[in-house]
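Welcome! Let us take a walk through this structure together, stopping at a few places along the way.

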Amino acid sequence: MKYLSHQSLENFPPSAKIIAEALPLGELVRRNLLVALTTAAHCGSASASLKLGFWLALTRNDEASALRLLSQASQNGSADASAALTALAQDQKNPLRAALSYLAVLPEIDASGALAQMLSSTIKTGDFQTVVRVLEFVTLIPVERSPELCDAVCDALVATHDSRISMPEMNSDCLQSILEDCVRRGNSAAALILGRALCGIDVVFAWSSSLALKRNVKEGRALLLRAAEAGLNEAWFPLYQVHTEFQGSDENSRPSGFFLQKAAASGNPSAKRQLGMSILKSAVAIEEFESGMQWMTQAAHQGDVIARNLLRTLVLPTRGEDQEAYQAIVEITRHDPGVAHRLLIARDFGLTKEETICADFSLGIRPWGLVISNSMGDGKFRQPFSRAIPALEASFLDHLNVAANYFQQGKSGTSKDTDNRQAWHMLEHVLNLCRCDESLFFAQVPDATLASPRQGTSWAHSVEKLWS
């Protein structure tokens, strides 16, 4: 091989023919010698034409070229090519697959090695249409399931899942057997895939029944735990799902809580939403609301639609159009910038009039939104103000930062050191002066509605339809 594959003999037909006929297809691909195979086939080598036809039929789905090469091999004396063409002619349903199935058992094809190389090369190029086609072929023909092929199939299943590629129904017994072989040899990715399937957890690329026909939750959970302990963080959330489904719905139990924490810490957006929701549902202190809000906003920023819809329920509604409110704020800024800042934040975060006056934005600002603390009120306001409010838009956080910096510099007569009663009168004076309706800026809701986002259990009951 050292001499035959030398660069000086790259386009020399006799050396290409010796290489193509001496090595099985799988070895030719592994050694990156497809150029020699193609050269030999064009020079009339029956063995090379046979091997190249098999390769093109699967990797390029080129039926015309495959048939031409098989016919060429048959004409040049290949009995195997003739038999493959006979099998093709006798199968009306899937003729090409019948021909390839006959060829797959030939030693010169080395189907196990060739298919493993096909999967590896097509995964690297991102050709998932071919990946799926080869996977289907692997499950339909009696090919030797070598460790190399089994690992390649597992890698293909991982790649299709990561790329969110849907797969057709396949031979679940075959796939399960392949994955079990990988697991026995310590393949953590196979443990994750098979564990999910045995627990009945469908994934993006396939229904669980495509990978394991019968459920076995006990074995599946053990496989998921093995994968998680091996460093595959994707296993933590399925473990949480399985535990809550089969061990009751108490999300605060020690095992499921541990799994959920690990899944959220690993970056899973669904886990972050579930953890944030769990904390918010039972929250009593403002610190608990903050913790739950942080997880929920992280999930929303990762594209979790449910998390974003839940966050919206924590912002009280205001009336009118945003454009009308912002135009009014431009006018108010000319009279009192401090009042304008407060009204803008009130509109963005759905604050009541009392919350707007008492809030200290420099102390309440958070990376995800605003905290209104009950320590900011005075004797006039008996109702507690503790509330955590998310920023539904990035611009709302920008407005909040500008307002916090403004009040920190002490440029406003309505800063935290100013008496709340005086601030109240100043705000009403400016609104009257600019002839603005305060409902355009302040949330005006019944006490029961106002209490909902301030009490975890009350809020959870009000939004049950969104997360159940």
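How are α16 and α17 oriented to each other: roughly parallel or roughly antiparallel? Keep in mind as you look that this is a predicted model. Two packed helices are described by the angle between their axes and the distance between the axes. Here, helix α16 covers residues 269–281 and helix α17 covers residues 286–301; they pack at an angle of about 160°, and their axes are 7 Å apart. Angles over 145 degrees count as roughly antiparallel, and therefore α16 and α17 are roughly antiparallel to each other. Their crossing is left-handed.

Now turn to another pair of helices, α1 (residues 13–22) and α3 (residues 34–42). Their axes come within 8 Å and cross at roughly 110°. That angle makes α1 roughly perpendicular to α3. In α1, Pro 13, Ala 16, Lys 17, Ile 19 and Ala 20 take part, meeting Ala 36, Leu 37, Thr 39 and Ala 40 in α3. Sorted by kind, the residues of this contact are seven nonpolar, one polar and one charged.

Next, the strands. Strand β2 (residues 369–372) is joined to β3 by four bridges, and the two run antiparallel. Across this pairing, Leu 370 stands opposite Ile 389 in β3. In a regular strand the side chains alternate between the two faces of the sheet. You can follow this along β3 (residues 387–390): Arg 387 and Ile 389 point one way, Ala 388 and Pro 390 point the other way, and all are buried.

Glu 355 sits in helix α21, which spans residues 353–358. Is Glu 355 buried or exposed? Its relative accessible area is 0%, so Glu 355 is buried. The C-alpha atoms of Glu 355 and Ile 372 are separated by 7.1 Å, although these residues are 17 residues apart along the chain.

His 341 belongs to helix α20 (residues 337–349). With a relative accessible area of 17%, His 341 is also buried, because the cut-off for buried is under 20%. Which residues is His 341 in contact with, leaving aside its neighbours within four places in sequence? They are Val 402, Ala 403, Tyr 406 and Phe 407.

How values were computed. Residues numbered from 1 in each chain as written. Predicted model: local features only at pLDDT ≥ 70, side-chain atom pairs only at ≥ 80, totals over all residues. Heavy atoms only, no water. Axes fitted to C-alpha atoms, helices over the stretch in contact; angles between N-to-C directions. Parallel < 35°, antiparallel > 145°, perpendicular 65-115°, else oblique. Left-handed = near helix turned anticlockwise from the far one by under 90°. Buried < 20%, exposed > 50% of the residue type's maximum accessible area, 1.4 Å probe, protein only. Pairing = 2+ DSSP bridges. Contact = heavy atoms within 4.5 Å. Nonpolar A, V, L, I, M, F, W, Y, C, P; charged D, E, K, R; others polar.
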